[in-house]
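I am opening my notebook on a new structure. I will write down each thing I look up, one entry at a time.

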Amino acid sequence: MAASSPLTDLDGTSTPASFHTAADSPIAGDTTNITSPDYEHDKKPKYYKCKEIPHVLKQSCQIHLEEQMYLPAIELLGSLLSDAGERQQTDQPVRVPPPAQIALLGTLTIHPAYTSRAPEQTNLDIAAESREYLRTLLNKVGPINADFRSAFSFRQGQSSGRWARRNSREFNSPGESDGGGSIGSFSEADNIESKWSGNDHSIWRRSSDFWSVLGWAFRCSTTHAHRWVHWKAWLEFMIECLEKDWDERLAQDQANFQAEISNSSDSESQAQCQYPLLKQSLFVQYVDDLRRDRKRVLHEVIRALLAFADDENSADNTYYKEVFNKETVLHTDKSNKRKHSQMTAVDLEKDQFGDYLEDWDDPVTDDDDDKANPFHTPRLPSGRTGRRTRGRPKSTPFSKPGKAFDVSPTATPNPLRVTDGLADSIPLRLRLFRLISGCAYYLPPEIFCKTHELYDVFTLRLKSLPLPSFELFLSLDHVDLALPRFIYVSLLRYVAQSFTPRNAPQPEDVDPEAEADHAISQTTLRECILPFPAKTVSVEDNAKFSLVLESMAWCLFQSGDVEYFDELKWAVEKGIEEREKKIKKGGGRGGGGGGGAAMTATEKMGRQVLERSAASLRMFVDAVEATSFAEDRVMGSGDEMDEDSILVSSP
């Protein structure tokens, strides 16, 4: 009997069983949606029909946006969504704005002038209202109908007209559908003549691709907490948009393929679904952006996904730069400066002009001044000339209070310290990994990569993380919430295999059935993994291996199909003993053993993790024994369960 959780589309795709194609998968016909388990059985349409807003209203919104009257524009667009349910009952389409207006609202949700450097509460309200409207649009209309693929495309350095023509050709080719129901038009007339849509301020034009933005956002999670608050909200929306876009296209592709098979006269046909709509998804577009720039796709994706998870990668510091100019600089309150200037007397004979010559800075529009300098130099106060005395240092944001100050961290990063931002970013990273796994599984390798290549590269990078980050990624708390169980099992198998020594028995020899199902069985765990140490004498490696074993054991326990055997307890105790012996062999070579050398902070933490993990494994054995004893008392003298059939599989 196999223990499993409900399957989903993306769950099945995200397995390292790269030898199977989507059509060969046991869940190939399943169209369950990852964000809506009842998607296949729901008789009501998931999203409302839509149509572009009338020309008069579109022009009115465009004028409001160009004049920076954002709240009235958002209120007008929101009113068109408020009657979505009534329109659906009368079979009337919901009115939605063109992609250019959606793209501008996407910029307002994250730009520093409306978030971390907002000069007044109104700016914060604009960002919040924009985010709320986009989320409502996503939930009611859907990413395909709203044409988020056009609105959220990155196009650094491209002119408006050229971008509009490119989108018109790519997304509206003759005879090609984008999934049915999308607006599918991006004309030059819709372009908003505003600085927030230009190359200097628009998030879609300041970055070359999604992955560079992702890397910078994760950098903020560890070093710029005031910016991470806003980047986290932006990423949560974007990942939800990517997930729903993927789900909808996958369901339509599978439904269309099943209809073709039903109508086909050739019953022996071995045709496989080609997923034409999935290839046009927003996520695949972001992958294609890397190929367009001739970058190593898999390398760039994994690098961005795990950026700053170690909190010490200096290469990432120079690679992932701020999206907006002087983004980490905060705005300061000038009320004291204004009061002081107002009290200044006016004396023309002594060249004292009060505040008449004061050059007040605009915190919303001045963030791109002096682009050659990382920080803006405050202007000289009134009553002084622009000349500088010989030998006198230039004014800096730190020598005199000005319009802004830098909040860049000065302390040396500590790889053994887990910040709140880093912990918050782990679920987001795992949700993206689920999409990445699905892309590798469903689509041809030339689009992204083979599934086993993805897991090999991700496992290698994951192993190099510090212990605290490594433990967070493998935590059972993320299972079924951020990462489906089947992907979690696949990841554990790959990581465990990378640590297991060569003299350990091979799973295919011990339990061929479980290995064929790409599963974790009690037999495999007991004979091939639990009794062994890591390959190396490193304390850190053995601690990581123990964490993997702990996660695999409790994952098996959560399945509910595990029974106590004396051999299981022996395997756990044997492994704990072997790992202790292994690290003592290291001596003074970083093993933290009996070499007499003082242990480093990493070795001390490794030993603490080993002790804690050993206690957890012993607790696992006790829990299995107690559960089995209770079941025996309830079942009486029932037949014994076949140990080899206890599986936690990843199809």
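**Entry 1: cysteines.** How many disulfides does the structure hold? I keep in mind that this is a predicted model. I looked, and the number of disulfides is zero. A disulfide is a covalent bond that joins the sulfur atoms of two cysteines. I then looked up two cysteines. C220 has 0% relative accessibility, so I list C220 as buried. C528 comes to 2%, and because buried means under 20%, C528 is buried as well.

**Entry 2: the whole chain.** I noted 25 helices and nine strands in the protein chain. The chain has 651 residues, and 52% of them count as buried. I also looked at contacts with a separation of 6 or more. In the protein chain, 78% of these join residues 24 or more positions apart.

**Entry 3: α3 and α6.** Two packed helices are described by the angle and the distance between their axes. I started with helix α3, residues 70-82, and helix α6, residues 121-140. Their axes come within 10 Å and cross at roughly 20 degrees. Are α3 and α6 roughly parallel or roughly antiparallel? An angle under 35 degrees counts as roughly parallel, so I wrote down roughly parallel for α3 and α6. Their crossing is left-handed. Then I listed who meets whom. From α3 I have Y70, L71, I74, L77, G78 and L81. From α6 I have T122, D125, I126, E129, S130, Y133, T136, L137 and K140. By class, this contact has eight nonpolar, four polar and three charged residues.

**Entry 4: α22 and α23.** The crossing of α22 with α23 is left-handed. On the α22 side, Q522, L525 and I529 make the contact. On the α23 side, I found F545, L549, M552, A553 and L556. I sorted these residues by class as seven nonpolar, one polar and no charged.

**Entry 5: L617.** I moved on to a single residue. L617 sits in helix α25, residues 601-635. Is L617 buried or exposed? Its relative accessibility is 0%, so I put L617 down as buried. Which residues does L617 touch, leaving out those up to four places away in sequence? I found L530, S546, L549, E550, A553, V572 and R579. I also checked E573. L617 and E573 are 44 residues apart in sequence, and their C-alpha atoms are 8.8 Å apart in space.

**Entry 6: positive phi.** Last, I looked up two backbone angles. Q68 has a phi near 60 degrees, a positive value in a residue other than glycine. Q68 is in the loop between α2 (55-66) and α3. With 37% relative accessibility, Q68 counts as partly exposed. H518 also has a positive phi, near 55 degrees, and is a residue other than glycine. Where does H518 lie? I found H518 in the loop between α21 (512-516) and β8 (519-521). H518 has a relative accessible area of 14%, so I marked H518 as buried.

Methods:
Residues numbered from 1 in each chain as written. Predicted model: local features only at pLDDT ≥ 70, side-chain atom pairs only at ≥ 80, totals over all residues. Heavy atoms only, no water. Disulfide = S-S within 2.5 Å. Buried < 20%, exposed > 50% of the residue type's maximum accessible area, 1.4 Å probe, protein only. Axes fitted to C-alpha atoms, helices over the stretch in contact; angles between N-to-C directions. Helix = DSSP H or I, 4+ residues; strand = E, 2+ residues; numbered from the N terminus. Parallel < 35°, antiparallel > 145°, perpendicular 65-115°, else oblique. Left-handed = near helix turned anticlockwise from the far one by under 90°. Contact = heavy atoms within 4.5 Å. Nonpolar A, V, L, I, M, F, W, Y, C, P; charged D, E, K, R; others polar.
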